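Student: I would like to know how the labels used for a protein model are decided. Can we go through some of them?

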Amino acid sequence: MFTGIITDIGEVTEIEQKGDTRFRIATRYDADGIDLGASIACSGACLTVIEKGDMGDGRSWFDVEASGETLNLTKLGSWAVGSRMNLERALKAGDELGGHIVSGHVDGVGSLASRTQEGDSWRLTFKAPAELMPYVASKGSITIDGISLTVNEVGADSFGVNIIPHTQSETTLGLLNEGDPVNLEIDMLARYVARQITFLAPGQGGTPSGA
């Protein structure tokens, strides 16, 4: 589990194509503090560390593998050497929950539709897949490329968020151009509420089994 609070921006330094795709990611994280088998959210996708080491330039590196399904259902399929991504280590018991509960399971890929400056902040509007829009609510939470953000407004096929200068500089949101893809994860609570409403609707199952 994660919280959507980004603690580093990583960079793809090597890509190896085998049965799955192996990415080597450079990071400011100390390699000694990364356990093999640990989960790291890479732009919102939970990936498992399978190897690690020292870059020799003050950075460390870790390797992850992505299946064909992961590449097809997330923006990872567009990664190339030099691609940068938001990184977050897995939540530990007792850690501060600064964002919201994030699973690291990407629900779909959206894209940046527009960027407008408002004072020192920026208003970003994102297009989202139609099947995800029912779960997006004004003042609710959403995860964009691994970042926990609050939805400001919702349209028919898009939604807007406001980002402060710190978020602009400390995440990859400041690097996005219009049309660029983003990984989206809807709020877990919204998912379960929608499921309950569907399940309890007349003709849709009624009372849960065993209740």
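Tutor: A salt bridge is a side-chain nitrogen of Lys or Arg within 4 Å of a carboxyl oxygen of Asp or Glu. A search of the whole structure finds twelve salt bridges. This is a predicted model, where local features need pLDDT of at least 70 and side-chain atom pairs count only at pLDDT 80 or more, while totals for chains, interfaces and linings use all residues. Residues are numbered from 1 along each chain as its sequence is written, and side-chain values use heavy atoms, with hydrogens and water left out.

Student: What makes Arg59 and Glu11 a salt bridge?

Tutor: Their N to O distance is 3.3 Å, and the rule asks for within 4 Å.

Student: Why is Arg59 called partly exposed?

Tutor: Buried means under 20% relative accessible area, exposed over 50%, and partly exposed in between (1.4 Å probe, protein chains only). Arg59 has 25%, so the label is partly exposed.

Student: Why does Arg22 count as buried?

Tutor: The relative accessible area of Arg22 is 19%, so Arg22 is buried. Arg22 also forms a salt bridge with Glu51, the closest N and O atoms being 2.3 Å apart.

Student: Why are Phe23 and Trp79 called edge-to-face?

Tutor: Rings of Phe, Tyr and Trp (its six-membered ring) pair if their centres lie within 6.5 Å; planes under 30 degrees apart count as stacked, over 60 as edge-to-face and the rest as tilted. By this rule there are two aromatic pairs. The centres of Phe23 and Trp79 are 5.0 Å apart and their planes stand at 80°, so this pair is edge-to-face. Both residues, Phe23 and Trp79, are buried.
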